[in-house]
Amino acid sequence: MENKNIDAPLSMPRIGDRAPAFKAVTTQGEIVFPDQYAGSWVILFSHPADFTPVCTSEFMTFASLEPKFDELGCKLVGLSIDGLYSHIAWLRTIKEKIEYRGMKDIEVTFPLIEDITMEIAKRYGMIQPGESSTKAVRAVFVIDPHGIIRTIIYYPLSLGRNFDELLRVVQALKTADAFSIATPADWRPGDDVIVPTAGSCGVARDRMEHQEAGVTCHDWFFCTKKIERAVVLGVINKAAE
Ligand code: BEZ
């Protein structure tokens, strides 16, 4: 029977907070987080356990997509409440034995943190006792080059993540920063973006009475404009930095 303790007080970092700092042993040596990643975007994510099927499918997918995250200047760091030798054995098994949805011979080269003491997992709110008090949920923290948490997504143990969405989140955050815009539902590079909402009655009136070239106002508070996909990618991809 799973040990669940839903009364345990646990801290949870929030969007806009500085990413809690730690030093950790990983499958790629010791890391100092987030300082070592200053200047890069980074996704810190947790998974429940090594040698489990959903996690294996996720690691294979993350590793296959690493070049796409790298293109965005985004590094990956994983964590589970397992020891280093379990991590190493699992990653070796993935490379040597597992073939899944066209992925095979997959080498995980990003660091996987050992967190047997659960110290880091607890600090990041990755332990959600209603779900499990011994396994991390599938948490995703998207952290910017200044070490600030910009997006947090949590999934339960049974639900594998959508990796297109994780790529989209990094693309959208970088686009919003670069162009001072917001991104609407289901936005993808090349789709219309949202220009900042009018902050005064005068601006609201001007927007409706004299529509700026290239800007479409659905109402005074909801105006969009096109930024071509090539322009967006030219700015958010690493080669452009
Ligand atoms: C999995 O990765 O398959 C898994 C891990 C923990 C609980 C349920 C599923």
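User: Which handedness does the β-α-β unit made by S3, helix H1 and S4 have, and how do I read that?

Analyst: A crossover is called right-handed if, with the strands pointing away from the viewer, the path from the first strand over the helix to the second runs clockwise. Here S3, helix H1 (residues 53-71) and S4 make a right-handed β-α-β unit. Helices (H or I, at least four residues) and strands (E, at least two) are DSSP runs, numbered from the N terminus. Please keep in mind that this is a predicted model, in which local features need pLDDT of at least 70 and side-chain atom pairs count only at pLDDT 80 or more, while totals for chains, interfaces and linings use all residues. Residues are numbered from 1 along each chain as its sequence is written, and side-chain values use heavy atoms, with hydrogens and water left out.

User: How many bridges join strand S3 to S4, and in which direction do the two run?

Analyst: Strands of a sheet pair through backbone hydrogen bonds, either parallel or antiparallel. Two strands count as paired if DSSP finds at least two bridges between them. Strand S3 (residues 41-46) and S4 run parallel and are joined by 6 bridges, with Val-42 having Lys-75 in S4 as its bridge partner. S4 is also joined to strand S5 (residues 112-114), by 3 bridges and again in parallel, and there Leu-79 has Ile-113 in S5 as its partner.

User: Is strand S4 enclosed or open to the outside, and why?

Analyst: Buried means under 20% relative accessible area, exposed means over 50%, and partly exposed lies in between (1.4 Å probe, protein chains only). Strand S4 (residues 74-80) is largely enclosed by the rest of the structure, because 6 of its 7 residues are buried.

User: Is Glu-30 buried or exposed?

Analyst: Glu-30, which lies in strand S2 (residues 29-33), is exposed, with a relative accessible area of 55%. Contact means heavy atoms within 4.5 Å; leaving aside neighbours within four places in sequence, Glu-30 is in contact with Lys-23, Ala-24 and Gln-36.

User: What is the order of the strands in the open sheet of 3 strands?

Analyst: The order is S8-S10-S9, with antiparallel pairing. Strand S8 (193-194) and strand S9 (215-219) are the edge strands, each pairing on one side only. S9 is joined to strand S10 (residues 222-225) by 4 bridges, and Asp-219 stands opposite Phe-222 in S10.
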